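Please look over the sequence and the coordinates shown here, then read on.

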Amino acid sequence: MTTLPTKTDRKLGLVIDLDTCVGCHACVISCKGWNTQNYGAPLSDMDAYGAEPEGTFLNRVHSFEVTREQAPPMVVHFPKSCLHCDNAPCVTVCPTGASYKRTEDGIVLVNESACIGCGLCAWACPYGAREMDGAEKVMKKCTLCVDRIYNENLPEEDREPACVRTCPAGARHFGDLSDPDSDVSQLVAAREGFDLMPEQGTQPVNKYLPPRARDSLDMPDLASLCDPAPEATGFLGWLDRALEKL
Amino acid sequence: MPSQPTPDLSPQVSDEVRKTTCYMCACRCGINVHMKGGRVAYIEGNRDHPVNRGVLCAKGSAGIMQHNSPARLRAPLKRVGPRGSGKFREITWEEALQTAVDWLKPLRDTAPEKLAFFTGRDQSQSFTGWWAQAFGTPNWAAHGGFCSVNMAAAGIYTMGGAFWEFGQPDWDRTKLFILFGVAEDHDSNPIKMGLGKLKARGARVIGVNPIRSGYNAIADDWVSITPGTDGLFILSLVHELLRAGKIDLGYLVRYTNAPYLVNAADGPEKGLFLRDDAGKPMVRDRATGQAVAWDTPGISPDLGAGVEIGGVSHLPVFRHLADRYLAPEYAPEQVSDRCGVPAVRIRAIAAEIARVAFDEEITIDQPWTDFRGVKHDKMVGRPVTMHAMRGISAHSNGFQTARALHMLQILIGSVETPGGFRFKPPYPKPPEAHPRPHAGHNPGQPLDGPHLGYPLGPEHLLLDDAGQPKRIDKAFSWDAPMSAHGLMHMVISNAHAGDPYPIDTLFLYMANMAWNSSMNTSAVMDMLTDQNEDGSYKIPRIIYSDAYSSEMVAFADLVLPDTTYLERHDCISLLDRPICEADALADSIRWPVVAPDRDVRPFQTTLLELGARLGLPGMVREDGSAAYKDYADYITTHERRPGVGPLAGFRGNGDGKGRGAPNPDQIARYIENGGFWIDHIPAEAQFYKPWNAAYQDWAVERGIYDSPQPYVFNLYSEPMRKFQLAAEGHGDRQPPDHLRARLRETMDPLPIWYPTFTDAATDPDEFPLHALTQRPMAHYHSWGSQNAWLRQIHGHTPLYVSGEIWAKHGFQPGDWAILTSPHGRITLPVLRMDALNGRTVWTWNAVAKRRGAWALDEQAPEATKSQLLNHLIHELLPPKGDGLRWANSDPVTGQAAWYDLRVRIEKAPAGQSLAYPDTGQQDSPVPPAPRNLAHQV
Amino acid sequence: MHPAPSLILFTTLSGLGFGLLAWLGFGLKAPTGFAAIVFFGLGYALAGIGLLAAAFHLGHPERALLAFTQWRSSWLSREAVLSAATLAVMAPHAAASAFWGTPLPVLGWLGGLLALATILATAMIYAQIRAVPRWHHWSTPPVFLLAALAGGALLAAKLTAALWLMLALSLAMVAHWVAGDRRFAGSGSDAGTATGLGKIGKVRLLEPPHSGRNYLLREMVHVVGRKHAHKLRLIALGLGALGPAFLLMLPASYLTALLALVLHMTGMLAQRWLFFAEAEHVVGLYYGR
């Protein structure tokens with residue numbers, strides 16, 4: 001049903017910490033692995049060993065460079081997958097009802113058996129979160145591992161998205177962003193988490209945490225740290241006194 | 001609202017989870033292999049595993065695609081075309097093994113040194129070394145020589161361990177972390193996890209790297225250092241810390257040789273420690289002013305004043321150290337230009353180190369007792385840590401730079417303290433506790449001892465009576481006296497040149513020496529195919545074992561196909577390259593979670609079979625039958641010392657920790673336990689390990705040592721001074737004259753910095769730039785490209801150039817560059833990157849592939865839009881006109897100096913769309929890869 | 001956006017077909033007998049071929065019937081429903097005109113309105129997409145509607161109307177281009193907002209996520225050279241609207257009408273190619289475009 005729910009019970013989503021992501025692509029591949037075996041059609045790889053390989057990935061890590069006036073350039077690794085928007089344009093454009101936003105948790109899914117592969121939802125998404133599978137010709141997207149987070153066949157601690165479970169640096173967090181007391185909401189509040197392209201009016205659930213200030217090491221007066229500064233009294237004299245105190 | 005679809009929220013994930021150890025890189029994380037219908041369906045990290053705690057990198061999760069790689073070899077191969085052509089015929093294992101025995105048996109009986117057996121990134125070096133020792137050839141080593149031996153050896157000689165497998169920052173407590181150089185390629189998940197911990201609590205990370213990518217991208221502060229100058233930068237930090245008196249004198253007095261008196265009397269003892277009659281180094285007691293043995297109870301050792309004996313003033317190590325580094329040449333202003341780092345920045349970093357180390361001291365209320373018997377009621381730590389690997393290691397000044405780095409950590413008193421750098425058992429282990437190298441070979445006899453070790457002076461060099469190197473790689477010769485890991489990168493070059501002697505059979509395992517694991521790749525391919533006048537090959541025979549259709553396969557005469565990592569037994573052994581944690585002893589296994597579907601065998605089992613057929617000692621029983629059924633049998637029953645074997649866990653009746661009789665159920669117990677074994681160090685033994693009596697006793701109990709081995713850190717390296725003394729003309733063993741000056745300079749017992757040999761000999765106008773390679777985090781050496789998932793992430797190797805170079809050469813997107821070194825030229829597509837040292841260009845390592853290798857399409861971007869920087873790097877320095885072959889290596893350890901490379905860049909002619917040089921094409925010994933994949937088990 | 005031939009054919013042919021059907025429905029052209037078979041047949045054939053071409057664009061055409069279900073929210077579904085309704089409602093009118101010589105004006109008018117609504121729905125499929133600022137503008141529906149009506153008028157031999165519609169179309173196209181060229185900048189989206197890093201400094205893509213290609217790049221990141229686009233605009237304007245208008249000003253003849261039709265269709269193919277190829281999707285910001 002492609003009408004968006006007026007309200008969802010929860011808003012499950014990801015918080016991605018751009019201060020911590022080292023760009024290792026672990027999340028990209030764990031996602032590929034899990035979703036090749038689970039939810040719907042496998043994520044195919046066309047021309048897998050050829051000149052122009054092109055596979056379906058639900059999560060990709062971009063790299064941006066940010067140049068600044070008064071400080072060295074920064075590199076920011078930038079993982080991106082479906083943001084499970086509250087006002088998801090990909091859902092309302094779907095002609096068949098294959099795309100829908102779950103009322104219970106806000107996860108945006110594609111019911112692949114109803115997908116005609118028209119591609120319009122991918123067009124409607126500003127973020128490039130949807131990819132048509134080259135082999136199966138249905139639209140694939142991040143499911144927030146809906147088949148993990150409620151999966152009773154998995155141990156409790158593993159009921160989180162594959163990308164979050166695998167992230168070596170802990171740059172990905174999963175939780176309910178409708179609950180102001182949840183860890184993820186707290187993190188967003190504390191670190192000034194932001195939306196991607198808010199001007200697109202999509203109201204993304206997923207949030208990004210900005211890189212902390214970089215290259216801000218200011219120089220305290222090293223001499224002031226010293227008591228007494230050896231330079232003032234001669235190194236050997238200082239050494240002698242310091243050893244005496246030991 | 002109408003009802004929404006109801007997807008299956010609880011699908012069955014798998015029929016069974018098999019827990020083993022990853023082998024997608026050398027990190028050795030624990031993995032859960034999910035099986036469906038007997039097939040591998042999904043791989044994730046093992047939450048219980050000490051290395052990765054459940055997380056897993058891109059490579060690890062892509063293991064399934066490596067396991068299913070179309071490049072997997074299928075059966076033993078015998079070459080039928082010329083070398084390099086890739087033309088093979090599949091043969092039976094019987095024929096393969098018999099061929100190998102027919103080649104090797106006569107060598108063992110007449111000249112075992114004519115077998116050169118070198119292994120690459122395998123994790124069974126204690127096993128392959130044991131085999132080579134039994135065979136009797138001195139020519140065995142693994143890949144450490146072109147990897148990180150500078151870091152490892154400098155660490156062992158300075159403090160009894162280095163980074164990665166030797167130790168790690170105290171991630172849970174450290175407050176300032178400084179990362180030097182390229183480091184993404186080792187210990188990858190633990191470092192990412194550690195960085196994550198630091199980030200979670202907002203601790204500062206400083207990255208010292210010409211390139212701000214990966215870990216450096218998240219560094220709070222980035223120092224865009226010029227390659228090869230890290231040592232100078234570090235010594236400038238030391239200068240600043242000394243100048244401000246921000247060093248831990250108490251620590252230096254108690255735990256280092258800083259107070260040792262250095263003999264100043266001219267003669268063969270000059271620069272060695274003053275020793276008492278019992279041979280103990282002496283210190284000056286501040287109370288009496290007398291020189292006494294360093295461990296005399298109740299003394300107060302001096303660091304500044306020396307003693308005068310016979311009119312000569314013998315000063316303590318620390319005095320030499322302070323005098324040297326307080327010199328104005330190390331002042332930030334003096335090093336700033338050379339390092340490409342503003343002086344204020346060096347000052348600021350020194351100040352931050354000082355502030356965190358001394359103002360943010362950590363205390364743990366944990367009493368402990370030191371080796372002197374002194375009781376301490378708490379553990380005090382200085383929470384500043386550092387990490388470095390190849391970035392500073394792979395230079396011709398890498399050993400001394402690594403020494404400088406270790407010295408810096410020691411001076412602030414952070415090593416083995418809470419919040420500081422912590423050793424992982426079986427480290428700390430000082431050089432004295434390691435073996436010495438051996439090369440005594442006799443026909444039909446095993447070698448006289450282990451191949452590799454730590455020489456403590458010229459007397460331990462492996463030289464024959466004529467002073468010539470005994471090893472084909474010239475390890476432990478005057479060329480590279482402390483080459484603790486051997487010099488694998490010199491083997492092909494030396495074997496081809498017959499220098500120091502010709503060999504017959506080159507036997508390689510898991511080392512892509514015809515490609516990315518050699519410097520000077522094009523020339524190495526020529527050496528491997530070069531023929532004598534009679535048409536025979538200069539390197540007569542090459543046996544190679546690999547699981548995949550690598551470039552090296554095409555250059556072998558006989559190929560012994562290995563299994564994938566999910567089809568084999570392995571042990572990650574304490575005897576080898578262990579996976580311990582700073583607070584625990586740990587080892588692990590691999591086991592066949594699936595059986596091979598091809599006619600392939602685990603290499604180690606093959607090696608045991610060869611050993612049995614050759615009748616090697618230890619591999620046959622008295623009746624001549626094979627001593628071990630297979631590698632699993634070896635892992636379980638082999639004993640290196642009584643009660644100590646490849647695996648430390650579940651020994652004896654299953655309770656044995658470290659020591660105990662072989663337990664036939666040992667592997668089953670490991671499998672039951674998730675593929676690993678872990679044994680935590682008692683709380684009172686967790687820090688100050690080299691000096692902590694509780695740790696020393698625990699280590700003996702666990703079989704790490706046979707007796708306590710407390711020691712002090714070597715700020716001043718006496719073994720190095722011994723080599724230097726030889727270079728000055730003292731002693732029986734004298735270096736050849738052409739090496740004297742170099743040894744005198746570079747074997748300095750206190751850390752020094754000197755320009756890399758390439759920098760020193762290169763005209764900066766002709767070759768103004770440094771060129772580096774980095775390994776992408778999602779690839780491991782050449783393996784990534786056969787992996788359908790990973791090759792999509794990194795399928796080509798753009799050359800990253802700074803905005804300045806971009807503008808200067810008028811590059812546009814889509815342009816290509818010609819990169820020229822004194823040795824060769826390559827072409828690559830260019831990409832702009834501003835977060836880059838302005839004097840540096842770089843590209844990805846080992847993504848480039850030879851056409852026909854790795855079951856890839858001939859038009860694959862790995863072959864057309866990628867190139868190895870290796871083509872530009874010679875294994876030798878440019879000829880100096882003396883007729884000698886000067887290795888492009890560190891003069892102390894022989895570590896390959898990859899990162900010394902200097903280049904110039906030009907814009908390639910318009911229309912270029914293919915990478916050069918052309919390395920030709922090899923036939924693929926495996927069937928063509930499937931076109932499309934939609935792999936659901 | 002990728003100028004997919006199936007979509008170019010779909011929008012031009014079905015537009016033309018429904019445009020013709022509108023003329024026929026409103027009875028502004030009221031052929032009967034064999035002429036009706038020819039005219040209605042042409043309208044149905046163009047609409048049908050267009051829709052068939054659209055079906056070729058689908059990954060799973062066998063599930064196409066599901067596309068009739070989401071008319072409440074989806075313009076694509078509405079387009080499906082409206083096109084089917086048009087063809088269904090128009091059928092008795094067409095049959096009556098052809099076989100009994102008696103058009104059914106009520107159904108015809110209804111069909112005509114539905115045909116216009118279908119064209120509008122087609123346009124709205126694109127105009128609704130905020131992520132493609134060039135399309136997300138009031139000028140998109142007029143271009144589609146005027147193109148369909150002008151082409152329809154030509155086919156229906158309503159030459160005077162066609163002339164004025166061609167002129168109107170030319171204005172609409174120019175308005176769409178002029179406005180379109182400013183839309184992206186006006187959307188407020190740039191690399192800074194796409195990444196949220198704009199506050200820190202100037203944001204530039206260092207590296208795309210994969211060195212290999214992907215669906216998004218193929219489908220949504222298409223770069224047309226400035227010169228090339230300029231040339232095509234002239235072709236679209238000249239052949240698609242102004243040329244036919246000029247021909248229509250000449251004394252009417254089958255030749256000029258036919259020539260005008262051929263020019264118009266060629267021009268509209270160019271216009272549609274540009275419509276897709278020039279349309280910048282904001283996802284390009286994540287790929288440095």
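In chain B, 69% of the contacts between residues at least 6 apart in sequence join residues at least 24 apart. The model is predicted.

**Chain B as a whole**

Of its 937 residues, 65% count as buried in chain B. The chain has 25 helices and 33 strands. Along the principal axes, the C-alpha atoms of chain B fill a box of roughly 85 × 80 × 70 Å. A compact globule with 937 residues would have a radius of gyration near 30 Å, and the 27 Å of chain B therefore agrees with that.

**A pair of helices in chain B**

Two packed helices are described by the angle between their axes and the distance between the axes. For helix α7 (residues 230-244) and helix α10 (residues 332-339) of chain B, the angle is about 165° and the axes are 10 Å apart. Angles over 145 degrees count as roughly antiparallel, and α7(B) and α10(B) are therefore roughly antiparallel to each other. The crossing in which α7(B) passes α10(B) is left-handed. The residues that meet are listed by helix below.

| Helix | Residues in the contact |
|---|---|
| α7(B) | Leu232(B), Phe233(B), Ser236(B), Glu240(B) |
| α10(B) | Pro332(B), Val335(B), Arg338(B), Cys339(B) |

By class, this contact of α7(B) with α10(B) has five nonpolar, one polar and two charged residues.

**Helix α19 of chain B**

Which residues of helix α19 (residues 693-701) of chain B are buried? They are Ala693(B), Tyr695(B), Gln696(B), Trp698(B) and Ala699(B). The buried residues of α19(B) pack against β17 (368-369) of chain B.

**Where chain A touches chain B**

The contact between the chains takes 83 residues from chain A and 92 residues from chain B. On the side of chain A that touches chain B, the elements that give two or more residues include the helices α1 (26-37), α4 (146-149), α5 (162-166), α7 (230-233) and α8 (235-245) of chain A. The strands β2 (45-46), β4 (59-67) and β5 (74-81) of chain A are also among them. With nine residues, α1(A) gives the most to this side of chain A. By class, the side of chain A that touches chain B has 46 nonpolar, 20 polar and 17 charged residues.

Definitions and conventions: Residues numbered from 1 in each chain as written. Chains lettered and ligands numbered in written order. Predicted model: local features only at pLDDT ≥ 70, side-chain atom pairs only at ≥ 80, totals over all residues. Axes fitted to C-alpha atoms, helices over the stretch in contact; angles between N-to-C directions. Helix = DSSP H or I, 4+ residues; strand = E, 2+ residues; numbered from the N terminus. Parallel < 35°, antiparallel > 145°, perpendicular 65-115°, else oblique. Left-handed = near helix turned anticlockwise from the far one by under 90°. Contact = placed C-beta atoms within 7 Å. Nonpolar A, V, L, I, M, F, W, Y, C, P; charged D, E, K, R; others polar. Rg over C-alpha atoms; globule rule 2.2 N^0.38 Å. Buried ≥ 20, exposed ≤ 12 C-beta atoms within 10 Å, placed from the backbone.
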